[in-house]
Amino acid sequence: KSHKELLIPFMPCRAKTNVMFLKTHKTASSTVLNIMFRFAERYNLTVALPADQLVHLGYPNTFLAHFVEEFQAIGQNYNIMCNHLRFNPSEVQKVMAANTFYFSILRNPIPLLESSYIYYKDTVPAFRISKDVNEYLASPMKYYHPADYKQNIYARNIMWFDFGYDNNAEDNKKYIQAVLNEIEQNFHLILIAEYFDESMILLKHTLCWDLDDVVYFKLNSRSQDTVQTLTPESEEQIKAWCSLDWKLYLHFNQSFWRRIEETIGLEELEKEVSRLRMRQKELMETCLSDREAVGKDHIKNKALLPFQSGDANILGYNLKQDLDNRTLRTCQKMVMPELQYTSYLYAVQHPHKKRKQLGLPLLWTTFQEK
């Protein structure tokens, strides 16, 4: 090794605290949001939260700065932004500082579409009127009516849509290349859901965070029995039907691994991934009475019940009973579902505003004893 290479590991870096995460749908993004919220609390950072009774930043409307609570007063002084929004760089830049780090996450469109189908079964017209996911994919245009495009966004190229582009655009080589270039301009890093632990290690390195900043419990996942098996024909069909998402995914899956090889190296990556998994296991043994996620009917504390949707059974966690206050707080934050955490942070950051009415039996007191 050259002299220069030996110095690199000791170069100190400072944790980046201005971070924007574009939260995409059905991509493990709820777990990332939880990581971001815990980081914000750990460093006492300001989060750009949805205004008033919104639980997302105006989605599916294209994002505007006034969707953020107190934007008029706080201006560009938010550190973290991570709730669902439809990306619109010029408006996001009004909210976030110039030196903000931008990242997002993508998932293979094949499992993603099946996941969307189950989760949005009741709300998306194209899904509602088809019997199951394979029937839908056999002839999507039979169910996907252009007139309903606003309600049907989850039924085709949802990631393309979340990034702010037309999810019904023609698959045209020049157009796709232009969009990929633009995304590379706007985002410093794109993670891959299939390699979630590897993604967390890459994120940790890039932002100069600690292992505990990226440790997590998997949130908002569903029980195996609500997964429908795609036929090989359906899988092929998704690549054509969601070809914009497919090309987006292929492109950034490649650049993801290239980035890892350039920055961490596969050997070091493997070591850190196993460290992350050991720490996660340790925390699960500390926090959880069942040592794993449980179905919605088995969650004892209803304040920790995740939002349920479609035909999915969204899993959650039971905490151990006898935890000391500090451990309890850590564990609670790790299992707190997205809507509860959003409204909890909202109450902390905006104490004089009316609380978000989630229609959930939120046991505020358990979260708010600071």
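**Close-up views of a predicted model**

**View 1. Lining of the largest pocket.** The residues that line the largest pocket divide by class into 21 nonpolar, 15 polar and 8 charged. The structure shown here and in the other views is a predicted model. The lining of this pocket comprises 44 residues, and the pocket volume is about 1,200 Å³. Lys26, Ser30, Tyr119, Leu219 and Asn220 are the lining residues nearest the centre of the pocket. Three helices, α2 (29-42), α5 (109-119) and α17 (338-349), each contribute at least two residues to the lining.

**View 2. The four-stranded sheet.** The sheet is open and has 4 strands, which follow the order β2-β1-β3-β4 with parallel pairing. Its edges are formed by β2 (80-81) and β4 (189-192); each of these has a single partner strand, so one side of each has no neighbour in the sheet. The partner of β2 is shown in the next view.

**View 3. Pairing of β1 with β2.** Strand β1 covers residues 19-22 and pairs with β2 in the parallel sense, over 2 bridges. In one of the positions shown, Val19 has Ile80 of β2 as its bridge partner.

View 4. Asn318 belongs to the loop that runs between α15 (266-287) and α16 (325-335). Its relative accessible area is 4%, under the 20% limit, and Asn318 therefore counts as buried. The side chain of Asn318 makes a polar contact of 3.3 Å with the side chain of Asp290. With residues up to four places away in sequence left out, Asn318 touches Cys287, Leu288, Ser289, Asp290 and Val294, and also His298, Ile299, Lys300 and Asn301.

**View 5. Surroundings of Ile74.** Helix α3 spans residues 71-74 and includes Ile74. The relative accessibility of Ile74 is 22%; this value lies between the limits of 20% and 50%, so Ile74 is classed as partly exposed. Ile74 touches Glu69 and His350, again without counting residues up to four places away in sequence. The view also includes Val95, which is 21 residues from Ile74 in sequence. The C-alpha to C-alpha separation of Ile74 and Val95 is 8.5 Å.

Note on methods. Residues numbered from 1 in each chain as written. Predicted model: local features only at pLDDT ≥ 70, side-chain atom pairs only at ≥ 80, totals over all residues. Heavy atoms only, no water. 1 Å grid on protein atoms, 1.4 Å probe; cavity = no way out; pocket = protein on both sides within 12 Å on 5 of 7 lines; lining within 4 Å. Points joined across faces, edges and corners; volume = space filled by probe spheres on them. Nonpolar A, V, L, I, M, F, W, Y, C, P; charged D, E, K, R; others polar. Buried < 20%, exposed > 50% of the residue type's maximum accessible area, 1.4 Å probe, protein only. Polar contact = N/O pair within 3.5 Å; in protein donor to acceptor, adjacent residues only side chain to side chain. Contact = heavy atoms within 4.5 Å. Pairing = 2+ DSSP bridges.
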